[in-house]
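Subject: Handing over the structure

Dear colleague,

I am passing this structure on to you, and below it you will find my notes on what turned up when I went through it. Please read them with the structure open beside you.

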Amino acid sequence: MSQTVLILLGAPGAGKGTQATRLAESRRLPHISTGDLFRLNLTQGTELGKQASKFMDQGRLVPDSLVIDMLFDRVSQDDCSSGYLLDGFPRTVAQAEALQERLGGGEALVVIDLQVPDHLIVERIVGRLSCPECGAIFHTSFNPPVKPGTCDSCQAALTQRADDTAEVVQTRLSAYYEQTAPVADFYRQSCGVCVVDGTNLPDEVFKACQECVTEAAA
Ligand code: AP5
Ligand code: MG
Ligand code: ZN
């Protein structure tokens, strides 16, 4: 196998970013989050960032054409030559088909679906704090920083994402059920999907994700 490609599926707030950071480190794969790439573009003031933020702020998906080009550009970089971990991509069946075509079948593909019920999602999203500098993720109750409002890793001031409101999360959840849930069916019919209960403690969720990867390699 030339490449290992890990895909983390799951609703907004399911814990993709939290687990992706740990999995990427343990598997030595670059962590690629399309949401983080758009936010980086916005911080840098690019046209792509400005266009994407119009959709993101409303909780709607960014059009496939903008996402796919950006993602393919990223995975063609040198650090992705032996594989990568995708967090938040693919999010539509069209994105999954485009990726499938690009990969070509010679890779080890592991798809993990993190499942968390809606009522927990809202609580997680509304209480999330993100580090704008290093990307670390916290929660006011579930994973509070040692010093309130300050990142444990880099000491930057923590912020709330513009789309992390109780109102916008409802649109994000609708987009998830309408457009992203079918992506799990797409993979169920091809390589299979490893379902992980995302309601457990982060350490337990991580262990279950690790098992998905180990089983796929066996
Ligand atoms: P994106 O940034 O990907 O956001 P998302 O999918 O909505 O997911 P989140 O980042 O909100 O949640 P997460 O699953 O990473 O959870 P986290 O680990 O942070 O996308 C944002 C937007 O960009 C989209 O709405 C769309 O507009 C656009 N976009 C991006 N990719 C796109 C694509 N491919 N196509 C089209 N548009 C795209 O955890 C959440 C909180 O819960 C944290 O506070 C964390 O501390 C806490 N937590 C995590 N795990 C646990 C646990 N086990 N127990 C208790 N609390 C936990
Ligand atoms: Mg995330
Ligand atoms: Zn930080």
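This is a predicted model: local features need pLDDT of at least 70, side-chain atom pairs count only at pLDDT 80 or more; totals for chains, interfaces and linings use all residues.

To begin with one residue: in which loop is the place of leucine 201? Leucine 201 sits in the loop that runs between strand 7 (194-197) and helix 8 (202-217), and, with a relative accessible area of 55%, leucine 201 is exposed, since exposed means over 50%.

Some polar contacts with ligand 1 can be listed individually. A polar backbone atom of alanine 14 is 3.3 Å from an oxygen atom of ligand 1, and a backbone N or O atom of glycine 17 lies 2.9 Å from an oxygen atom of ligand 1. With threonine 34 it is the side chain that takes part, as one of its polar atoms lies 2.7 Å from a nitrogen atom of ligand 1. On its own, ligand 1 has 1000 Å² of accessible area, and the protein covers 96% of that area.

Arginine 128 is in strand 5 and is buried, with a relative accessible area of 12%; from C-alpha to C-alpha, arginine 128 is 7.6 Å from aspartate 164 in space, while the two are 36 residues apart in sequence. Arginine 172 is found in helix 7 and, at 11% relative accessibility, counts as buried. Arginine 172 and glycine 59 are 113 residues apart in sequence, yet their C-alpha atoms are 4.6 Å apart in space.

The zinc site

The zinc ion (ligand 3) is coordinated by the SG atoms of Cys131, Cys134, Cys151 and Cys154, at 2.3 Å. What arrangement do the four donor atoms around the zinc ion make? The arrangement is tetrahedral, because the angles that the four donor atoms subtend are 99 to 120°. For reference, the ideal angle for four tetrahedral donors at a metal is 109.5 degrees. Read along the sequence, the donor residues follow the spacing C-x2-C-x16-C-x2-C. Cysteine 131 lies in the loop between strand 5 (128-130) and strand 6, and cysteine 154 in the loop between strand 6 and helix 7 (166-188), so this pair ties together parts that are 23 residues apart in sequence. As for accessibility, cysteine 131 counts as buried at 5%, whereas cysteine 154 counts as partly exposed at 32%.

Backbone details

Most residues other than glycine have a negative phi, and most peptide bonds are trans. Against that background, I would draw your attention to the following places. Phenylalanine 89 and proline 90 are joined by a cis peptide bond, with omega at about -5°, and proline 90 has its place in the loop between strand 3 and helix 5. Threonine 92 is also found in the loop between strand 3 (83-87) and helix 5 (93-103); threonine 92 is buried, with a relative accessible area of 8%, and its side chain reaches the backbone nitrogen of glutamine 95 at 3.0 Å.

Arginine 28 has a phi near 55°, is found in the loop between helix 1 and strand 2 (31-33), and counts as exposed at 76% relative accessibility. Glutamine 155 has a phi of about 70°, is found in the loop between strand 6 and helix 7, and also counts as exposed, at 53% relative accessibility.

With kind regards

Conventions
Residues are numbered from 1 along each chain as its sequence is written. Chains are lettered from A and ligands numbered from 1 in the order in which they are written. Side-chain values use heavy atoms; hydrogens and water are left out. A polar contact is a pair of N or O atoms within 3.5 Å; within protein, one must be able to donate a hydrogen and the other to accept it, and residues adjacent in sequence count only if both atoms are side-chain atoms. Accessible areas come from the Shrake-Rupley method with a 1.4 Å probe; for residues, only the protein chains shown count as cover. Donors are N, O and S atoms within 2.8 Å of the metal (3.2 Å for Na, K and Ca); water is not among the atoms, so sites may look incomplete. Four donors count as tetrahedral if all angles lie between 85 and 135 degrees; four count as square planar and six as octahedral if opposite donors are over 155 degrees apart and all others between 65 and 115; anything else is irregular. Helices (H or I, at least four residues) and strands (E, at least two) are DSSP runs, numbered from the N terminus. Buried means under 20% relative accessible area, exposed over 50%, partly exposed in between (1.4 Å probe, protein chains only).
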